Amino acid sequence: VALIVAGIGLAAGLLSQQVFGVAILMTLVTTIAAPPVLVMMFSSPTSGLRRERLVEAAAPVEFEFPSAETTSLLLTKLRHAFEAEGFFVHALDRGLDIYQLRKDAIAIGLRQTGNRLVFDCAARDTSFVRTAMVEVLAEFETAVRELRKPLDARALVKDAPQTVAEPKHHARFAQYVTPALLRADLRAGTKAEVIDELLDVLGAAGLVGDPAAAREAVLQREQSMSTGMEHGLAIPHGRTDAVNRLVCAVGIKKEGIEFDAMDGQPSRIFVMTLSPRSTPAPHMEFMSLVANTLDEAGREALLGCSSASEMYSVLAGEKRR
């Protein structure tokens, strides 16, 4: 570049032959001398900084909790707490629950591994991390105490306004079931037997990878609150990674089974649903879809069925009376 500029200056008469010769010599010397001088400078074992800088190694700080669900709740509260402190919370990988927390010179890594929360931070920031965790645990404990107060969850569901089913609800419901997933004559006589029989239906269709894990998820949900609704309808369900998408099986026991229903009556229609825990699935939307589809007319029509094909016709909206 220097030679091109010098050549333009010489051609325009702005530079003399002597100055042009100096430009050539300068270009030649710097081009030849620079590489060996740089190699000699960088081969020195000493630091290239004027002052030595101490770099603190990241020190992981781990906290273990009773379950993955508790850990997820605390992770959410921690993110909100750090945001309230002015931190920028960046999700590096939402599927793996990996976050980076940054504010000024503070950079903290946060990730969930099963039932453990792991912070990756400089040693000087460990006390700050532990203090933040203590504060969040105190808030969490307060929330847990509030939740221990009597709450009539059944009344909340019972008092919810009932919507009127439309044909489109049936068309959507039919997307989740096939005749192979329907049973018009369940053999079960107890709640546990109903759950096992419908899980067997899903397993026979190849929709459940780990039947034992799926059963545990459904029974755990039943322990927190029975899924026996009103008017003979029960919706046992659970979240488990034994399935990779929302799956459903429907069974009928016309004689009725005690399912601890809200109205105290035996349940006769059972809709078993499983949805994955770690991937998105329209779980609550499907629960609402079931309630809309199996209104009074839908329940009456379904109880009048004697085969899986007839049940499918009702659920698809083709046969209603």
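This report describes the fold, helix packing, aromatic pairs and selected residues of one predicted protein model.

## Basis and overall fold

The model is predicted, so local features need pLDDT of at least 70 and side-chain atom pairs count only at pLDDT 80 or more, whereas totals for chains, interfaces and linings use all residues. Residues are numbered from 1 along each chain as its sequence is written, and side-chain values use heavy atoms, with hydrogens and water left out.

The protein chain has 11 helices and 10 strands, where helices (H or I, at least four residues) and strands (E, at least two) are DSSP runs numbered from the N terminus. Of its 321 residues, 35% count as buried, a class that means under 20% relative accessible area, with exposed set at over 50% and partly exposed in between (1.4 Å probe, protein chains only). Among the contacts in the protein chain with a separation of 6 or more, 64% come from residues 24 or more positions apart, contact being defined as heavy atoms within 4.5 Å.

## Packing of α1 against α2

Helix α1 (residues 2–11) and helix α2 (residues 17–42) have axes that come within 10 Å and cross at roughly 175 degrees; axes here are lines fitted to C-alpha atoms, for helices over the stretch in contact, and angles run from 0 to 180 degrees between N-to-C directions. The two helices are therefore roughly antiparallel to each other, on a scale where angles under 35 degrees count as roughly parallel, over 145 as roughly antiparallel, 65 to 115 as roughly perpendicular and the rest as oblique.

On the α1 side the contact is made by Ala-2, Leu-3, Ala-6, Gly-7 and Leu-10, and on the α2 side by Gln-17, Phe-20, Ala-23, Ile-24 and Thr-27. Sorted by class, this contact of α1 with α2 has seven nonpolar, three polar and no charged residues, given that Ala, Val, Leu, Ile, Met, Phe, Trp, Tyr, Cys and Pro count as nonpolar, Asp, Glu, Lys and Arg as charged, and the others, Gly among them, as polar.

## Aromatic pairs

Rings of Phe, Tyr and Trp (its six-membered ring) pair if their centres lie within 6.5 Å, and planes under 30 degrees apart count as stacked, over 60 as edge-to-face and the rest as tilted; by this rule the count comes to seven aromatic pairs. One of them is the tilted pair of Phe-82 and Phe-119, at 6.5 Å centre to centre with 45 degrees between the planes. Because Phe-82 lies in helix α3 (residues 68–84) and Phe-119 in strand β5 (residues 116–122), this pair ties together parts that are 37 residues apart in sequence.

Phe-259 and Phe-270 form another tilted pair, with 5.4 Å centre to centre and 50 degrees between the planes. Phe-259 is in the loop between β9 (247–257) and β10 (267–275), while Phe-270 is in strand β10, 11 residues apart. Phe-259 is buried, with a relative accessible area of 0%, and Phe-270 likewise counts as buried at 0%. Lys-191 lies over the face of Phe-259, at 4.9 Å from the ring centre, the criterion being that NZ of Lys or CZ of Arg is within 6 Å of the ring centre and within 35 degrees of the ring normal.

## Positive phi values in two loops

Most residues other than glycine have a negative phi. Asp-97, however, has a positive phi near 55 degrees; this residue is in the loop between β2 (88–93) and β3 (98–103) and counts as partly exposed at 21% relative accessibility. For Asp-260, phi is also positive and near 55 degrees, its place being the loop between β9 and β10, where Asp-260 counts as partly exposed at 37% relative accessibility.

## Contacts across the sequence

Asn-115, in the loop between β4 (106–113) and β5, counts as partly exposed at 24% relative accessibility. Leaving aside neighbours within four places in sequence, Asn-115 is in contact with Phe-63, Glu-64, Phe-65, Pro-66, Ser-67, Ala-68 and Thr-71. Asn-115 and Thr-71 are 44 residues apart in sequence and 5.5 Å apart in space, C-alpha to C-alpha, whereas Ser-67 and Asn-115 are 48 residues apart and 5.2 Å apart by C-alpha to C-alpha distance. Ser-67 is in the loop between β1 (58–64) and α3 and is partly exposed, with a relative accessible area of 23%.

Val-201, found in helix α7 (residues 191–204), counts as buried at 5% relative accessibility. Not counting residues up to four places away in sequence, Val-201 touches Ala-180, Leu-181, Arg-183 and Ala-249; Leu-181 is 20 residues from Val-201 in sequence and 6.2 Å away in space, C-alpha to C-alpha.
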